Each structure stands twice: as C-alpha cells, then as structure tokens.
Amino acid sequence: MTMQSPQRKKRGFLTVLSYDARIIAKVWILVPWFIICLAINAVVWAFIDSIAVYFRNAMFNALDAGGAFWDVARYILALAIFYTLVFIPHHLYHQVINPILDNKLRHKIHEELYIKAQSMDIACYDDPDFYNQFVWAMNESDNRAIAVVGQVSAVLHRLAATSAITVILLNINVFVGILMFCGVLATMVVDVFGNRLWVKQSEECNPLWRKGDYYTRTFYLSDYAKEMRSGDVADMMAEHFEENVEILTETEMRYGKKFAFLYGVLWQLFRRGTYYGTVLIMVYELMTGGVQLGGFAAAVSAVWMLQYSMSVLGDNLMELPKHALYIEKYFAFLEHKNTLVSGEAEVPPFESLTLENVSFSYVPMSTEEEMSLSEAVKAFERKQKGEKTEKEKDTPQKDEPVQVLKNINMTIHRGEKTAIVGYNGAGKTTLIKLMMRLYDPTEGRILYNGRDIREFCLSEYREKIGAVFQDYRLFCATLAENVVGGCYTHSEAADANVLEALKNATFGERLDTLPKGLDTALSKDLDKEGVNLSGGEAQKVAIARVFVRPYELIIMDEPSSALDPMAEYQLNHSILHAADDEERTVIFISHRLSTTRFADKIYLFADGELCETGSHVALMAQNGKYAEMFNMQAEKYRKGEENQTSA
C-alpha cells in the first residue's frame, strides 16, 4: 500500500495564480484584518507616490518662473509635513499592528496543519514523495501565505501608482509615456521567461538539495554520532555528499548561464535603454522649449517612478507562481483524503480479536537517503567488493508489491497473555499496526468481538488499545507529562496513578534519584535542569504509559530490547503481574523469548507467515522452529532464572 502523491504536470499561469487566490481567501477566513490593513496600506502609498510627482512639478515651475524664496519653500515645507504625517502611522502599522496580525495568522495556519497531521493515515509517512510534500507544507505554508498576501498588496499598490503616474506622464509628453510603458513591458516579458526557468531549476534541484541536507544531518545529529565514528560510514557519506555537490554544481551552472543572458543582457538593455532614452528626449524638449523646468523635473521623476513601479509590479507578479508551487502542496495536504475511513459503531468492552485470512502488501518507495546507516554501511561495503546479497538479488523493482504478511488466522481472547515471536523482518510489527488499524489489510479482515473493526469509530477503537512500539519517543516535557501523554495537573489521585504506572514499569528506583520527581524534564534541550535517561530507563517510561490508563488491550512491541537479560526478566514479570491484577489482555512482540513461558499462547512468525501456535510446553515438545530459537537463547534465560531464584 502506498500513498499517491500529486503528479508533476505543466501548469498554466492562470492555474498557478488560482492557488494564490485560494490562499488569499484562506487568509481572509482566518484573519480578515490582515487583508484589510494591507489593502489600505497599498491604496495610501499609491496616493503618496502620485502626490510626490505633483509637488516636484509645482516646485520646479516656481523656480523656473523666478518666484521668491517663499514661493518655492512652501512646497518643500508642505512636502516635509506631508511625509512626516504619513510615516507616523506607517511605522505604527509595520512595528506594532502588522507583527500582531502576522503572528496570529501563523498560529491559525499551523493550528489547522497540526490538526490535519494528527488525523493523517500512518501510511502517509511511509511514502517519501508524500512525506516530502507534507514537510514542505508544514515548513513553508505560513511564510508563503504571508508573502503572497504581501505581494498582492504590493501589486495593488504598484497598479494604482502606475496608473496615476502614467496619466501624469502622458499629460507631459505622450511619446515618452508610450516609450516608457513599452520598455518596462519588455522587461516584464523577460521576467516571465525567467520565472519559467526558475521553476524548471527548482524541480531539478529540489531532490539534490534534499539529499545534501540528509548527508549533512548525518554529520551533526546525535542520532548518528556513534555509527559515524565506526567503520567507513563517514567516508561513505562524504563520498555521496561530494557526488551530489558535483551534480548540483553542474545543474546550477547550466541554468546560471541562461539567467545571465536573460537578466545580464536582455533585461538590462530594455530597462536602462528606455530610461536613459526617455531622459534624453526630455532634455531635448526642455532645451527647445517644449516643456517647462517643472514639467521636465516631474517627467524625469515620473519616468523613474513608473519604471520602478512597473519593475516591482513585474517582480511581484512573477514571484506569485513560485509561492503557488508551495501553496499547491499546502492545499493538497489539507485536502488529502485518508484511505482509513472511520466507522460509526460504538466500541463495546473487549472480548476477543480475530484475524481471518489476513494478508498485507505494500509498494516499496525506498530511496538512498532513507536507508538506515547500518544498512548503508553494509551496502557500501558490498558495493566496494562488487557483491550482492540474496535479498538484494531478489528485491523487486520499485512499484512491485512486497507481501509482508500472508493468510494469517489467529484469535486473542480477553485476559489472555499472548506472545508473538520471530526474527526481525518476520512481520510482527506490521501485524500489530493492522490490529490497531493503523493500516487496513490488503486481504482478509480483523474482527473485534466478532465484528469487522472497520465498522467501529476509529478514534474510540484505538482508545481501547495501549501500545508501546520499539521506536517509541519521549518528549521534551516532564516525566509525568511523558507518562500520561499530555498536559498534567497534580492531584493526589493523579500522582498516585502515575507513580503506580512507573512502579509497574520498574522505574521506581530511578524515580527516587530524579531532582524534581514527576516534574523532572526528560531532556536538557529546553530545560538545563532536565535529565537524559539511558535507553533502558527511557523504555521503562514509555512502558509506563500503558499502565496509566485503563486500556483493555495492551501491546508491547519489543518492550525490553534495551535491557539486559536480568532486567528484562524483572520487567516482563512486573508487566504480567500488573496485567493479571487488572485482568488486562497483553500481547508481547519479541524476537527474544524471555516472556514466552508466561504466555497463554505463542504465535511464531517467519517470512510473514504464521508457522507455529501453542503454549511454551507444547511448542517445545514439537521441537520445531520455536524450540530451536528458544534453545539458542536458553542460557541467558536460565541464568536469569537462577539469579531470580537466589534473590
């Protein structure tokens, strides 16, 4: 199963601008005063630009007529007072009002995105193309929305100013007005071609920029620090980074030559040529008596302002399609329809969960930059030796489905302790995601109390299940907030509940050493008095989450992978004891078999298929794959059992 990301296609100018229109409408809905203030600002400044030309004309005509000092000075004084009065509200708007509206708009946009992200299918994160657009939407949407509205305001400003100044210029000299208009129009045509070229360059360079960012992250993120200091992985990443830079450099040079011709030759020719040409014409008109000094000064000023206004107008119009590329992704993200459709039925108390002929396939979308470092190292070493693994030889091409689970039949009853075991890659975690309805099976169905889980309200169904995944995450928040999974308010009952959950997860001893107890921050990123837990300690905090709420079904995906055999034994014993006290149903997923002897039923998976089922005693008697796995690990568990007995 894979998400279908929007296909890259050619877009007409009007189609592209329609996205800008949509974001303006969105901003109007979210923060209407943002639009109103920008529109008022645009109209006011268009009027100001026109007034400036009028004052210059009057002032220089007074000089040309040989008027007294005061006849000229009064225009300068009037202009000074005018600009002073104008810039007081201008700075008030930009320094006070606009930042408030700006922050309010950013908050509204991100709030909407966060709500949407929370409701997205988990499968969206498995599709690199869709995920890349998701990241773009989250990172760029607010900036692009503000930029579009600001540039539309600038367009309104320049359109109004251009219209007023053009009328003034045509009244002074019709030929100069037409010549200037044609020259600036030519520069706008150059901008059109430049924008199309930019779009092509962006589409070609974006994957290269993304790869470069990935390679750079591996050198400074703490997640990769240990692996980067072992083996040849650093050399491999540096080599890939260098190859990417070479391709990026060649691409940017190819486009750079085209940009140099467009803007270094054609754009300069049209802009500079028309400007200085019209100035020469006005000098000739002044010297031959065609215009007065005021008309000459006003015309030269109007020519410069007209050229500047139309240039800025062109720049803003050409920028809008660039923003539209991001805004399109923003709306595509907001309008994305989940494949997992919630039912409407209320979810009754848990009695049983049954899988009937369940199979699951997906279309691989893997890319080099998403390969784990350990996989990348091994792949690099094989590449150096010219070798391939059997898996690599048999790996299907992209878009060819891969079957993860095949024809699974099993039932879990209320109060049972179930172990799902198998080596890595056997399909265990995928099975759990299907049970939680993070995915839907590609074949078969899953029944909750005998009813298809697709018929139930999705949020209510998931609220019945408490899960700890092997790739759990703790947050930069207090210990209590991490356990309850949200905001926390102290009370006698709430504290007792959290403390009991931590005790069941065998975190009690570590809790006694924390400086602020439940209020201790679990990271130093946002709190210098926070603590950084070890891998095993962090895992226990994650496990405590399933005991702090009355979940009817608890799923533990590799719950003790970061612990040594003795600590693992103690934790699993504590989990099962706590679950027995509250008659909860527990599912353990593991490739380590320290828990299986306590399980009511064991399911052994291999290569996506259910191979063996039964209790520990029954499966050992079969002397099959389970017995082979258990005997290989038996020494560790016997040692743990002996230590527990002596204790």
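Here is a short tour of this predicted model, stop by stop. Residues are numbered from 1 along each chain as its sequence is written, and side-chain values use heavy atoms, with hydrogens and water left out. Local features need pLDDT of at least 70 and side-chain atom pairs count only at pLDDT 80 or more, while totals for chains, interfaces and linings use all residues.

**Stop 1: the largest nonpolar core.** Select Leu479, Val483, Leu502, Phe547 and Met556: of the 36 residues in this core, they touch the most other members. (A nonpolar core is a set of buried Ala, Val, Leu, Ile, Met, Phe, Trp, Tyr and Cys residues joined through side-chain atoms within 4.5 Å; buried means under 20% relative accessible area, exposed over 50%, partly exposed in between, with a 1.4 Å probe and protein chains only.) Elements giving two or more residues to this core include helix 14 (492-504), strand 7 (553-557) and helix 17 (565-581). Helices (H or I, at least four residues) and strands (E, at least two) are DSSP runs, numbered from the N terminus.

Now pick Met556. Leaving out residues up to four places away in sequence, Met556 touches Val468, Ile543, Val546, Phe547, Ile575, Ile587, Phe588 and Ile589; contact means heavy atoms within 4.5 Å.

**Stop 2: Lys406.** Head to strand 2 (residues 402-413) and click Lys406. Beyond its neighbours within four places in sequence, Lys406 is in contact with Val358, Ser359, Gly608 and Glu609.

**Stop 3: Trp70.** Finish in helix 3 (residues 69-119), where Trp70 sits. Trp70 is exposed, with a relative accessible area of 53%.
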